[in-house]
Amino acid sequence: MLWSELFNSVHEPLDDEIREFVQTPLWDNLTNYLQQTYNAKSNLFYSRCSMDQDFWKGWNVKYKKSGKALCTLYPKQGYFIALVNVGAKESLEAELLIPLCDEYTQDLYTQTKSGASGKSLAINVTSESILRDVKELIALRAGRVR
């Protein structure tokens with residue numbers, strides 16, 4: 001069942017319901033990391049986007065620090081997507097980081113077209129190594145090169 005069918009625009013999911021849907025400890029790992037490392041709070045938003053046969057439709061979780069978007073998480077059954085923007089300011093550091101990333105992340109970065117605001121990477125978080133990549137990209141986004 002699609003996420004948007006389980007939780008429509010008037011049925012906001014609880015944290016436990018999101019966790020149960022994604023069915024991966026990687027979710028808690030990243031959300032705890034964002035809260036502890038950046039003191040970022042989660043904000044639920046409902047997207048009515050009908051792109052890709054409603055793939056992006058439904059509730060998503062946005063994390064910001066000092067007004068700057070760190071990432072947006074999209075729950076999917078058995079995994080989740082972390083949407084991380086690599087802006088023009090971060091592009092030089094990202095070019096140095098990407099060769100050290102998981103092969104999936106490298107391929108995604110290479111295949112993602114740059115826009116006026118950089119690259120928006122929709123990363124399928126399905127493994128520990130991809131989760132590490134997401135954390136490093138968020139660190140670039142937050143201005144904390146590690």
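Cysteine 101 counts as buried, at 8% relative accessibility. The model is predicted. The sulfur of cysteine 101 lies 15 Å from the closest cysteine sulfur, in cysteine 71, which is too far for a bond. Cysteine 71 also counts as buried, at 2% relative accessibility. A disulfide needs the two sulfur atoms within 2.5 Å. By this rule the count comes to zero disulfides. Cysteine 71 is in none.

**Helix α6**

Helix α6 spans residues 103-111. At its start, a side-chain oxygen of aspartate 102 comes to within 2.8 Å of the backbone nitrogen of tyrosine 104. Which residues of α6 are buried? They are Thr105, Leu108 and Tyr109. Seen down the axis of α6, the buried residues fall within an arc of 100°, so they line one face of the helix. An α-helix has 3.6 residues a turn, so residues three or four places apart point the same way. On the other side of α6, Glu103, Thr110 and Gln111 are exposed.

**Aromatic pairs**

The structure holds three aromatic pairs. One of them joins tryptophan 27 and phenylalanine 80. Their ring planes stand at 90°, so the pair is edge-to-face, with the centres 5.1 Å apart. Tryptophan 27 belongs to helix α3 (residues 25-38) and phenylalanine 80 to strand β4, so the pair ties together parts that are 53 residues apart in sequence. Both tryptophan 27 and phenylalanine 80 are buried.

Tyrosine 46 and tryptophan 59 also form an edge-to-face pair, 5.3 Å centre to centre, with 70° between the planes. This pair links strand β1 (residues 41-47), which holds tyrosine 46, to strand β2 (residues 58-65), which holds tryptophan 59; the two residues are 13 apart. Tryptophan 59 is buried, with a relative accessible area of 9%.

**Lysines over rings**

| Lysine | Ring | Distance to ring centre |
|---|---|---|
| Lysine 62 | Phenylalanine 45 | 5.4 Å |
| Lysine 119 | Tyrosine 109 | 4.0 Å |

Lysine 62 lies over the face of phenylalanine 45. The charged end of lysine 119 sits over the ring of tyrosine 109. Tyr109 is one of the buried residues of α6.

How values were computed:
Residues numbered from 1 in each chain as written. Predicted model: local features only at pLDDT ≥ 70, side-chain atom pairs only at ≥ 80, totals over all residues. Heavy atoms only, no water. Buried < 20%, exposed > 50% of the residue type's maximum accessible area, 1.4 Å probe, protein only. Helix = DSSP H or I, 4+ residues; strand = E, 2+ residues; numbered from the N terminus. Arc of directions from axis to C-beta. Polar contact = N/O pair within 3.5 Å; in protein donor to acceptor, adjacent residues only side chain to side chain. Phe/Tyr/Trp six-rings, centres within 6.5 Å; stacked < 30°, edge-to-face > 60°. Lys NZ or Arg CZ within 6 Å of the ring centre and 35° of its normal.
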